[in-house]
Amino acid sequence: MPEPHTSTLVAGAVVGGSIGLTGTFFGAQADALVVGMLAAVFVSAWLHQINSVGRAAAAVCLSSLLAGYGSPTAASILAGMLPAAQPSDGLRMLAAVAIGTAAPGVVPLLLTRARGIAQGDAK
């Protein structure tokens, strides 16, 4: 499949930024939204599944929202699992980067798996 064009990534970033800024009104943390969005934009450049403006925008928006809402919870879970770690902004931002990086690749896999289960192709 062809690599996404720069315009695709820019469109995804613009749409993701506008959705991300709207998310701050609903309780998401703005810094985690932005970090998740940037991570998704960088990762989307290498993913073969993201080959259109619509897919790029969806991946960036979803990754941004997941990072904004999920990073505080992920940071507290990580702090509980790692004895030396304490809940902090650094750990929360690291969780936002991890979520923003993983979401564009993991979500399509989960959707494909769910489609297979819904069609009765469960293995």
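## Basis

The model is predicted, so that local features need pLDDT of at least 70 and side-chain atom pairs count only at pLDDT 80 or more, while totals for chains, interfaces and linings use all residues. Residues are numbered from 1 along each chain as its sequence is written, and side-chain values use heavy atoms, with hydrogens and water left out.

## Packing of α3 and α4

Helix α3 (residues 53-81) packs with helix α4 (residues 89-118) at an angle of about 135°, their axes lying 7 Å apart; helices are DSSP runs (H or I, at least four residues), numbered from the N terminus. The crossing of these two helices is right-handed.

Residues of α3 that meet α4 include Leu62, Leu66, Gly70 and Pro72, and the α4 residues they face across this contact include Ala95, Ile99, Ala103 and Val107, where contact means heavy atoms within 4.5 Å.

## Helix α4

At Ala103, α4 bends by about 50°, and the proline Pro104 follows within four residues; the bend is the angle between axes fitted to the seven residues ending there and the seven starting there. Both Ala103 and Pro104 are among the buried residues of α4, as are Leu91, Arg92 and Gly116, buried meaning under 20% relative accessible area (1.4 Å probe, protein chains only). The cover over the buried residues of α4 includes α2 (30-44) and α3. Just after α4, Gly120 takes a positive phi of about 85°.

## Ala57

Ala57 is found in helix α3 and is buried, with a relative accessible area of 12%. Ala57 and Ser44 are 13 residues apart in sequence and, C-alpha to C-alpha, 9.9 Å apart in space.

Conventions
Axes fitted to C-alpha atoms, helices over the stretch in contact; angles between N-to-C directions. Left-handed = near helix turned anticlockwise from the far one by under 90°. Buried < 20%, exposed > 50% of the residue type's maximum accessible area, 1.4 Å probe, protein only.
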